Amino acid sequence: MTAAALAAHGADTLPRDRVGVTAALGLIVLGGLVEALAIGQAQELGLRRAGLMVQRRLFLGVTALVAGLGWAAASAPATLSSDVDGTTPPIGLILLGAAVLGVSLGAVLGSAQATALPEQRRRWIGASALGWGVAMPIIFAGATAPDTSWPLATVLPLAAGTGALAGAALGAVLAGTVRGRTV
């Protein structure tokens with residue numbers, strides 16, 4: 001989350017001309033890929049520690065592709081838009097949308113990751129959907145708290161804390177599934 005926040009903050013400071021927009025998109029993609037690789041490595045390590053067979057390169061590759069580029073695609077419109085009237089939807093609506101997005105994209109990510117998990121394919125897809133349905137509202141709550149006026153020294157610790165909390169929630173759901181418990 002810290003890499004993603006740093007990328008979004010950097011993109012916010014760039015001019016909205018052709019070069020600035022291109023650089024902003026590049027930062028967003030880079031931030032998403034770094035975030036996705038961190039998520040993939042943490043998940044892969046947890047799976048191996050649980051004694052499951054994981055095709056490491058495939059797992060990391062599909063996680064980077066789906067989660068990284070998915071994050072970048074979802075973040076780009078907000079990062080590149082200009083907020084003309086200063087209004088935002090109510091936080092409840094934002095969090096509900098985040099949960100729906102998490103379930104949907106969690107299923108897509110879980111399906112891609114399941115190709116590298118011969119022993120857990122069916123379970124992993126559902127667990128990923130449920131886990132991301134829990135984690136995404138946490139991520140959105142942390143990501144929508146600051147605005148462009150917040151200093152980077154405040155945004156980065158918030159992003160790290162948000163990522164830790166969302167990761168713990170996601171990890172708890174996935175760990176319960178890997179161990180064969182109903183979550």
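Modeller: Two residues are in contact when they have heavy atoms within 4.5 Å of each other. This is a predicted model, in which local features need pLDDT of at least 70 and side-chain atom pairs count only at pLDDT 80 or more, while totals for chains, interfaces and linings use all residues. Residues are numbered from 1 along each chain as its sequence is written, and side-chain values use heavy atoms, with hydrogens and water left out.

Biologist: Which residues are in contact with Gln113, leaving aside its neighbours within four places in sequence?

Modeller: With those neighbours set aside, Gln113 is in contact with Gln43, Phe59, Val62, Thr63, Trp124 and Ser128. Gln113 itself lies in helix 4, residues 91-114; helices (H or I, at least four residues) and strands (E, at least two) are DSSP runs, numbered from the N terminus.

Biologist: What makes Gln113 count as buried?

Modeller: Buried means under 20% relative accessible area, exposed over 50%, and partly exposed in between (1.4 Å probe, protein chains only). Gln113 has 0% relative accessibility and therefore counts as buried.

Biologist: Why is the pairing of the Gln113 and Gln43 side chains called a polar contact?

Modeller: The term requires a pair of N or O atoms within 3.5 Å; within protein, one must be able to donate a hydrogen and the other to accept it, and residues adjacent in sequence count only if both atoms are side-chain atoms. The two side chains make such a contact at 2.7 Å, which is within the limit and therefore qualifies.

Biologist: Is Thr63 buried or exposed, and how do you know?

Modeller: Thr63, a residue of helix 3 (residues 56-80), has 0% relative accessibility and therefore counts as buried. Beyond four places in sequence, Thr63 is in contact with Ala36, Gly40, Gly68, Leu109 and Gln113.

Biologist: What makes Gly92, Gly171 and Arg16 partly exposed?

Modeller: Their values fall in the middle class. Gly92, in helix 4, is partly exposed because its relative accessibility is 48%. Gly171, in helix 6, belongs to that class because its relative accessible area is 32%. Arg16, in the loop between helix 1 (2-12) and helix 2 (18-49), is placed there because its relative accessible area is 37%.

Biologist: How do you know that the length of helix 5 is close to the expected span?

Modeller: The expected span of a helix is 1.5 Å times one less than its number of residues. Helix 5 (residues 121-144) has 24 residues and reaches 33 Å from its first C-alpha to its last, close to the expected 34 Å. Helix 4 likewise has 24 residues and reaches 33 Å, against 34 Å expected. For helix 6 (residues 152-178), 27 residues reach 37 Å, close to the 39 Å expected.

Biologist: Where does the kink in helix 5 lie?

Modeller: The kink lies at Ala135, shortly before the proline Pro137, and amounts to about 25 degrees. The bend at a residue is the angle between axes fitted to the seven residues ending there and the seven starting there. Ala135 and Pro137 are among the buried residues of helix 5, which also include Trp124 and Ser128.

Biologist: Against which helices do the buried residues of helix 6 pack?

Modeller: They pack against helix 1, helix 2 and helix 5. Among these buried residues are Val155, Ala159, Leu170 and Val178.

Biologist: What makes the protein as compact as a globular protein of its length?

Modeller: The fold has six helices and zero strands, in the pattern α-α-α-α-α-α along the sequence. Its radius of gyration is 17 Å, close to the 16 Å that the globule rule gives for 183 residues, so the protein is as compact as a globular protein of that length. The radius is taken over C-alpha atoms, and the rule is 2.2 Å times the number of residues to the power 0.38. The C-alpha atoms fill a box of roughly 50 × 35 × 25 Å along the principal axes.

Biologist: What share of the 183 residues is buried?

Modeller: Buried residues make up 37% of them. Of the contacts with a separation of 6 or more, 71% come from residues 24 or more positions apart.
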